[in-house]
Amino acid sequence: MKVVHTIQEVRNWHQDVKGSIGFVPTMGCLHAGHSSLFEQSMKDNDFTVVSIFVNPSQFGPNEDLDQYPRTLPEDIKLLEKLGVDMLFAPKTSEIYPQGIPLDVNEQRGPFVSVLGVSEMLEGSTRPNFFRGVATVVAKLFNIVAPNVAYFGQKDIQQFVVLDTMVKQLFFNTRLQMMPIMRDTNGLALSSRNKYMCPETLQIASNIHKGLQKGYDKVLESNGIVDREAVDNEIKKFWQPYISSGDFQIDYLSIANLQTLQEVAKITPTEQLVISCAIYVKDRKTNVKVRLIDNILLTSR
């Protein structure tokens, strides 16, 4: 596997290859969920490029940029084992030569905002998160010039934001969403799972089980069902963990999959997504870890 750290090295490599390029942008700390994206790209394309870059512009001043896990040597071993063609692991100064202070008011240079699908859900808690995500992905697409880029369903709003950006800014890259990878208990794989002890990981698996209760409620209806009834079914399942202090709900959403606008009624033909963000308190450290998950409701 070729490991490069500069834009010029990527462009030099690009001149020497012929065929389709699949791309998976990551922030490292790779796990089986990432591997599923790499493997799909390798199956679909002549070449697969992975980037590892912990992007400062998607973190706020009081968020966990410095604590975000960085495991580059282990990540390289995994990518080499899988047979990825190239890893692009740039320094921050390579991507943001103008500098990138965490305070948005102090930032300078070009940034990408995707209005209408960025402000709700994750965006309501982290108002500049998707501005940072869209900006860095736009830069990476311009550097790597992939034919197709792969993203996980777990970050469903991220996919919607980036798909909107790609289509409306006319990038010559197609996005492909891949299913959520879960552990044996149903917990969505995430780099943040490293922050939790085994007991807490077991408790956190009830996030997905709660969403599944809402999904089952919809299936049982065989028609139109009030959104409130689905909300109540999910929250009823989560209530013991809320009462114990293990869970704190940031948001629970049932929204149109394309627009992310909330719905009052769920119909059999509309494509929807049930999504959530939950703060889970680790029973060993008492630190709260924010986890997201979702289930798609397509035509039934």
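Predicted model: local features only at pLDDT ≥ 70, side-chain atom pairs only at ≥ 80, totals over all residues.
The domain assignment divides the chain into domain 1 (2–178) and domain 2 (193–298), and the centres of domain 1 and domain 2, taken over C-alpha atoms, are separated by 26 Å. Where the domains meet, 19 residues of domain 1 are in contact with 19 residues of domain 2, and the area buried between domain 1 and domain 2 comes to about 1500 Å², with carbon and sulfur atoms giving 59% of it. On the domain 1 side, Leu121, Glu122 and Ile156 lose the most area to domain 2, together accounting for 36% of what that side buries.

Polar interactions also cross this boundary: six residue pairs are in polar contact between domain 1 and domain 2, and the interface holds one salt bridge. Glu122 forms a salt bridge with Arg290, in which the closest N and O atoms are 2.7 Å apart. Helix 5 (122–125) and helix 7 are the elements that give two or more residues to the side of domain 1 that touches domain 2, and helix 7 gives the most, with three residues.

The largest nonpolar core has 48 residues, and those with the most contacts inside it include Phe88, Val137, Phe141 and Phe151. Among the elements that give two or more residues to this core are helix 1 (7–16), helix 6 (129–144), helix 7 (156–168) and strand 10 (272–281), and helix 6 provides the largest share, 11 residues. Because domain 1 and domain 2 both give residues to this core, it lies between them.

Conventions. Residues numbered from 1 in each chain as written. Heavy atoms only, no water. Core = buried A, V, L, I, M, F, W, Y, C linked by side-chain atoms within 4.5 Å. Buried < 20%, exposed > 50% of the residue type's maximum accessible area, 1.4 Å probe, protein only. Helix = DSSP H or I, 4+ residues; strand = E, 2+ residues; numbered from the N terminus. Domains from an automatic or database assignment. Contact = heavy atoms within 4.5 Å. Buried area = accessible area lost by both parts, 1.4 Å probe. Salt bridge = Lys/Arg side-chain N within 4 Å of Asp/Glu carboxyl O. Polar contact = N/O pair within 3.5 Å; in protein donor to acceptor, adjacent residues only side chain to side chain.
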